[in-house]
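This briefing sets out selected features of the structure shown below.

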Amino acid sequence: MITRLAHLCFQTNRFDEMTAFYRDTLGLPIKFSLRLPDDRIFGHYFVLGGNSFLELFDAAGACEMWGGTPGPRSPSPGQTYQHFCLEVEGIADVRKAIIEAGCDVTDITKGMDGSLQAWIKDPDGNDIELMEYTRDSLQLA
């Protein structure tokens, strides 16, 4: 039985920028980091809430650890990833804090599902939806 999303995993060539974005701009705490044999950090697990995480790997470090050649990342054939969504409380305050941290955020709108939403991008260009459920949200009906 599936109980929840355990983690999302991104591999990046901008590890420091991505770390700063998720840790500092979005305020996600790092639960733990993964290290190479020489003790350099090449991965972080960011807490998304409960036991759900965003896993981030430095591409060069991951290749050093597990093999392969670092280079530009491209989607696998047939991959249909569009975005991921973070549930928030107080979307207006969250939006304001993200803007103050220097990140562009769309206006808040109400989606077809009845939830409030705003959109951001991480340094690699991944689309992230910020969503606050409302009494009209179909997810809660």
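The side chains of Asp38 and Arg40 form a salt bridge, with N and O 2.8 Å apart; a salt bridge is a side-chain nitrogen of Lys or Arg within 4 Å of a carboxyl oxygen of Asp or Glu. The model is a predicted one, in which local features need pLDDT of at least 70 and side-chain atom pairs count only at pLDDT 80 or more, while totals for chains, interfaces and linings use all residues. Residues are numbered from 1 along each chain as its sequence is written, and side-chain values use heavy atoms, with hydrogens and water left out.

**Salt bridges**

- The structure holds 10 salt bridges.
- Arg40 also pairs with Glu64, and the closest N and O atoms of that salt bridge are 2.5 Å apart. This pair links distant parts of the chain, 24 residues apart: Arg40 lies in the loop between β2 (30-35) and β3 (41-49), and Glu64 in helix α2 (residues 59-66). Helices (H or I, at least four residues) and strands (E, at least two) are DSSP runs, numbered from the N terminus.
- Asp38 counts as partly exposed because its relative accessibility is 47%, and Arg40 counts as partly exposed at 41%. Buried means under 20% relative accessible area, exposed over 50%, and partly exposed in between (1.4 Å probe, protein chains only).
- Arg35 and Asp39 form a salt bridge through their side chains (3.8 Å, N to O); Arg35, at 42% relative accessibility, is partly exposed.
- Asp39, in the loop between β2 and β3, has a positive phi of about 80° although it is not a glycine. Most residues other than glycine have a negative phi.

- Asp122 is located in the loop between β7 (116-121) and β8 (127-132).
- Asp122 is buried yet has no salt bridge, and the nearest side chain of opposite charge, that of Arg14, is 6.6 Å away. In this count Lys and Arg are positive and Asp and Glu negative; His and the chain ends are not counted.
- The side chains of Asp122 and Asn126 are joined by a polar contact of 2.9 Å. A polar contact is a pair of N or O atoms within 3.5 Å; within protein, one must be able to donate a hydrogen and the other to accept it, and residues adjacent in sequence count only if both atoms are side-chain atoms.
- Leaving aside residues up to four places away in sequence, Asp122 touches Met18, Phe21, Tyr22 and Ile128, where contact means heavy atoms within 4.5 Å.

- Buried residues of helix α1 (residues 15-25) include Met18, Phe21 and Tyr22.
- The largest nonpolar core has 22 residues, of which Tyr22, Leu26, Phe84, Ile120 and Ile128 touch the most other members. Such a core is a set of buried Ala, Val, Leu, Ile, Met, Phe, Trp, Tyr and Cys residues joined through side-chain atoms within 4.5 Å.
- The largest share of this core, 4 residues, comes from α1.
- Contacts of Tyr22, not counting residues up to four places away in sequence, include Phe10, Phe46, Leu54 and Phe84.

**Cysteines**

- The structure holds 0 disulfides, a disulfide being a pair of cysteine sulfur atoms within 2.5 Å.
- The sulfur of Cys63 is 12 Å from the closest cysteine sulfur, in Cys9, too far for a bond.
- For Cys103 the closest cysteine sulfur, in Cys85, is 15 Å away and likewise too far for a bond.
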